[in-house]
Amino acid sequence: MSGYELKKQLAVKLGAFWRVSFGSLYPCLKRLLADGALEVEENKFTSRKKHVYRLTERGEQLFLELLESADVHDLEQDRFSMRLAFFRYLRPETRLDQLERRRGYLQERLAQLRASLRAVRDRLDAYTIELMDHGLDEHEREIAWLDRLIAAERGSASGAARPAARSRSTTLQAEPVPEGPGLPAQNATVPRDPRLPAQAGQAAPTQ
């Protein structure tokens with residue numbers, strides 16, 4: 001696809017948490033071309049000079065390598081959200097490992113925030129306390145959400161039946177994993193819409 005079409009697709013896929021600009025996209029495409037991860041040809045069906053980019057086998061291999069490797073920086077909010085959007089390409093054990101590492105990272109941060117707030121709470125004004133309490137709530141909610149994803153991923157790995165799909169749910173919806181050159185075929189299920197809260201009155205999977 002062209003750079004313009006690629007930007008549109010990325011906006012649909014990542015727009016909620018990652019903004020892609022042409023100023024960052026085209027230098028990235030240039031680097032991937034130089035690395036052999038992309039190939040390009042001119043579109044012959046339009047009068048405008050328009051490059052069409054295709055992912056090479058080297059590009060598919062590089063994509064999987066980057067997705068499977070996650071350091072501490074990749075566990076931060078923006079990077080983890082972008083990584084989660086492509087979880088369907090990962091092996092189930094790799095998905096589970098990254099979910100558990102993200103949860104551990106948040107649990108550590110939550111403990112640090114609680115200790116910091118206890119130490120200085122009597123010296124803070126009401127608005128700063130509210131802001132810090134809000135941060136604690138966000139961490140607690142995400143940890144609970146990750147607990148549900150981890151439980152569902154483990155249930156899938158053990159062959160347990162998955163709950164029925166819901167329109168707004170943290171339950172993982174079964175989907176076939178795409179296959180193609182450089183992407184190993186997998187008999188795995190795929191998370192879909194894991195960011196959405198569980199529907200009222202419906203229990204989440206337990207560990």
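**Surface, core and salt bridges of the predicted model**

Y4 is partly exposed, at a relative accessible area of 49%. Here buried means under 20% relative accessible area, exposed over 50%, and partly exposed in between (1.4 Å probe, protein chains only). The structure is a predicted model, in which local features need pLDDT of at least 70, side-chain atom pairs count only at pLDDT 80 or more, and totals for chains, interfaces and linings use all residues. Residues are numbered from 1 along each chain as its sequence is written, and side-chain values use heavy atoms, without hydrogens or water.

Y4 lies in helix α1 (residues 3-14). With F22 and Y26, Y4 forms a nonpolar surface patch of about 300 Å² accessible area together. Patches are made of residues with over 30% relative accessible area and no salt bridge; like charges are joined within 9 Å, nonpolar side chains (Val, Leu, Ile, Met, Phe, Trp, Tyr) within 5 Å. Areas follow the Shrake-Rupley method with a 1.4 Å probe; for residues, only the protein chains shown count as cover.

The protein chain has six helices and two strands. Their order along the sequence is α-α-β-β-α-α-α-α. Helices (H or I, at least four residues) and strands (E, at least two) are DSSP runs, numbered from the N terminus. Of the 207 residues, 32% are buried.

The largest nonpolar core holds 27 residues, and F86, F87, L99 and L146 have the most contacts inside it. Two or more residues each come from α1, α2 (22-34), α3 (57-68), α4 (77-84), α5 and α6 (126-157). Helix α6 gives the most, with six residues. Such a core is a set of buried Ala, Val, Leu, Ile, Met, Phe, Trp, Tyr and Cys residues joined through side-chain atoms within 4.5 Å. Leaving aside residues up to four places away in sequence, F86 touches K13, L14, F63 and L67; contact means heavy atoms within 4.5 Å.

Ten salt bridges were found in the whole structure (a side-chain nitrogen of Lys or Arg within 4 Å of a carboxyl oxygen of Asp or Glu). D35 and R58 pair at 3.3 Å, N to O. D35 lies in the loop between α2 and β1 (38-42) and R58 in helix α3, so this bridge ties together parts 23 residues apart in sequence. E142 and R102 meet at 2.9 Å, N to O. This pair links helix α6 to helix α5, 40 residues apart. R102 is buried, at 1% relative accessible area. R103 and D147 form a salt bridge at 2.8 Å, N to O. R103 is in helix α5 and D147 in helix α6, so the pair ties together parts 44 residues apart in sequence.
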